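Q: I have just opened this model and would like a short tour. Could we go through it together?

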Amino acid sequence: MKFEHQNRQASALKPRDIGLILSYRCMANCAHCIYNCSPNWHDWMTEDAVQTALENEKACWGEGFQVHLTGGEPFLNFPLLLKAARIAHQLGIPVYVETNAGWVKRYEFAADRFQQLRDAGMMAVLVSVSPFHQESIPLEQTLHGISAARSVFGAERVMAYQSEWLPVPEMSQYGLKEKIPLNRYIEMYGKQQAGLRLWMGFGLISGGRAGYRLGKWIPKRPAESFENESCRQELLFSQHSHMDLYGNFIPGFCGGISLGDWHGLDSMVDQYRMGKLPLAVQILANNGPFGLFEIAAETYGYMPLRDGYAGKCHLCVDVRAHLERQGMYQEIFTPALFYQNL
Ligand code: SF4
Ligand code: SF4
């Protein structure tokens with residue numbers, strides 16, 4: 001049994017799809033954003049850091065992984081995005097870009113940008129589509145972005161994620177040029193059905209600001225109901241992870257958690273594979289956010305939210321934000337702005 005555990009531990013931190021968060025800056029401020037991106041962020045990764053991050057990935061994992069360039073919104077710094085695509089291509093790393101298309105004002109402009117990226121070695125494009133994005137990005141822009149990308153990359157290399165929201169027939173009365181507030185779904189379906197449709201239909205994660213902004217639309221649960229939910233899989237064995245401009249290695253979809261500094265990726269991964277986890281990560285991996293909750297409530301004066309939590313990641317974020325404000329585990333619960341932008 002012990003051998004099995006050690007064997008499994010030895011395969012920790014081996015993601016197949018790694019996002020480089022070039023910036024948390026975004027023109028949108030989506031209610032479901034698990035990284036708390038918004039126009040309030042200003043920093044960008046440097047070109048040198050992109051080079052180092054990608055070289056470190058290559059040295060650590062060799063082959064068999066791909067990279068997506070993301071944010072925030074990476075097209076807000078197109079020269080950096082272009083350079084990053086070139087660097088990945090030169091290193092032989094398959095690379096795609098994730099965008100919300102909020103920068104697409106004209107089809108021709110978008111097609112030209114996609115062509116430059118393709119020439120730089122970009123392999124594919126993912127365009128985000130959801131009711132949450134449509135609160136600030138009219139569907140017309142998204143559609144232009146998708147067709148411009150398809151004209152350059154071909155339909156099979158452009159993914160609309162999630163395409164079932166493209167367009168939502170019930171919302172057609174509002175036209176393609178309008179931003180559609182989420183309240184329209186409540187007017188259309190009533191609170192309960194709208195909540196179900198948005199949470200289950202999109203497969204929302206309650207981390208980031210999602211639990212706070214969207215939690216009112218689903219039944220909440222008390223902290224105790226998450227008692228037996230550990231996060232070992234998400235923290236240590238996720239196929240999808242991120243590296244951000246501040247040096248943070250972010251596991252799974254756990255915005256605001258850093259497993260360590262990717263500048264020393266190799267040795268960081270070795271530590272985890274030897275089972276040497278920082279205390280806060282150990283608590284979450286073994287006992288989930290309820291384990292963190294107990295410590296925060298017993299020792300650091302954390303008070304549970306009166307109405308409960310929309311999911312285990314909501315509980316996790318709320319407890320982490322409290323501990324971070326108390327100066328606890330700040331090297332793991334980072335970047336600080338994540339907690340200020342909830
Ligand atoms: S979900 Fe995407 S588009 Fe929305 S705020 Fe976050 S990064 Fe920006
Ligand atoms: S509860 Fe926390 S550690 Fe677990 S998956 Fe959610 S954000 Fe990650």
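Q: Let us begin with a loop. Where is Gly72 placed?
A: Gly72 sits in the loop between strand S2 (66-70) and helix H3 (78-90). Please keep in mind that this is a predicted model.

Q: What is the peptide bond from Gly71 to Gly72 like, cis or trans?
A: The bond from Gly71 to Gly72 is cis, and its omega is near 20°.

Q: And which kind of peptide bond joins Thr334 and Pro335?
A: Thr334 and Pro335 are joined by a cis peptide bond, with omega about 5°. Pro335 is in the loop between H12 and helix H13 (336-340).

Q: What about phi of Ala101, is it positive or negative?
A: Phi of Ala101 is positive, near 65°, in a residue other than glycine. Ala101 belongs to the loop between strand S3 (95-99) and H4.

Q: Stepping back, how many helices and strands are in the protein chain?
A: The protein chain has 13 helices and seven strands.

Q: How does its radius of gyration fit with a compact globule?
A: The two agree, because a compact globule of 342 residues would have a radius of gyration near 20 Å and the protein chain has 20 Å. Along its principal axes, the C-alpha trace of the protein chain spans about 55 × 50 × 35 Å.

Q: Now the ligands. Which residues come nearest to ligand 1?
A: Of the 13 residues around ligand 1, the nearest are Cys26, Cys30, Cys33, Cys37 and Asn100.

Q: How does that shell around ligand 1 divide by class?
A: The shell around ligand 1 holds six nonpolar residues, six polar ones and one charged residue.

Q: Which residues surround ligand 2?
A: Ligand 2 is surrounded by Gly207, Cys231, Glu234, Leu235, Gly252, Cys254, Ile257, Leu284, Pro289, Lys312, Cys313 and Cys316. Helix H9 (232-236), helix H11 (279-299) and helix H12 (312-325) are the elements that give two or more residues to this shell.

Q: Which helix gives the most to the shell around ligand 2?
A: H12 gives the most, with three residues.

Q: And the classes of residue around ligand 2, how do they divide?
A: Eight residues of the shell around ligand 2 are nonpolar, two are polar and two are charged.

Q: You mentioned H11 and H12. At what angle do they pack?
A: H11 and H12 pack at about 35°, and their axes are 9 Å apart. Their crossing is left-handed.

Q: Which residues make that contact between H11 and H12?
A: From H11 come Gly288, Pro289, Leu292, Phe293 and Ala296, and from H12 come Lys312, Leu315, Cys316, Val319, His322 and Leu323. By class, the contact of H11 with H12 has eight nonpolar residues, two polar ones and one charged residue.

Q: Next, how do the axes of H4 and H5 cross?
A: Helix H4 (residues 107-120) and helix H5 (residues 139-153) have axes that come within 8 Å and cross at roughly 40°. H4 is therefore oblique to H5. The crossing in which H4 passes H5 is right-handed.

Q: Which residues of H4 and H5 meet?
A: On the H4 side they are Tyr107, Ala110, Ala111, Phe114, Gln115 and Arg118, which meet His144, Gly145, Ser147, Ala148, Ala149, Ser151, Val152 and Phe153 in H5. The contact of H4 with H5 has eight nonpolar, five polar and one charged residues.

Q: One last pair: how do H2 and H10 cross?
A: The axes of helix H2 (residues 47-61) and helix H10 (residues 265-273) cross at roughly 45° and come within 9 Å.

How values were computed: Residues numbered from 1 in each chain as written. Chains lettered and ligands numbered in written order. Predicted model: local features only at pLDDT ≥ 70, side-chain atom pairs only at ≥ 80, totals over all residues. Near = placed C-beta within 6 Å. Nonpolar A, V, L, I, M, F, W, Y, C, P; charged D, E, K, R; others polar. Axes fitted to C-alpha atoms, helices over the stretch in contact; angles between N-to-C directions. Helix = DSSP H or I, 4+ residues; strand = E, 2+ residues; numbered from the N terminus. Parallel < 35°, antiparallel > 145°, perpendicular 65-115°, else oblique. Left-handed = near helix turned anticlockwise from the far one by under 90°. Contact = placed C-beta atoms within 7 Å. Rg over C-alpha atoms; globule rule 2.2 N^0.38 Å.
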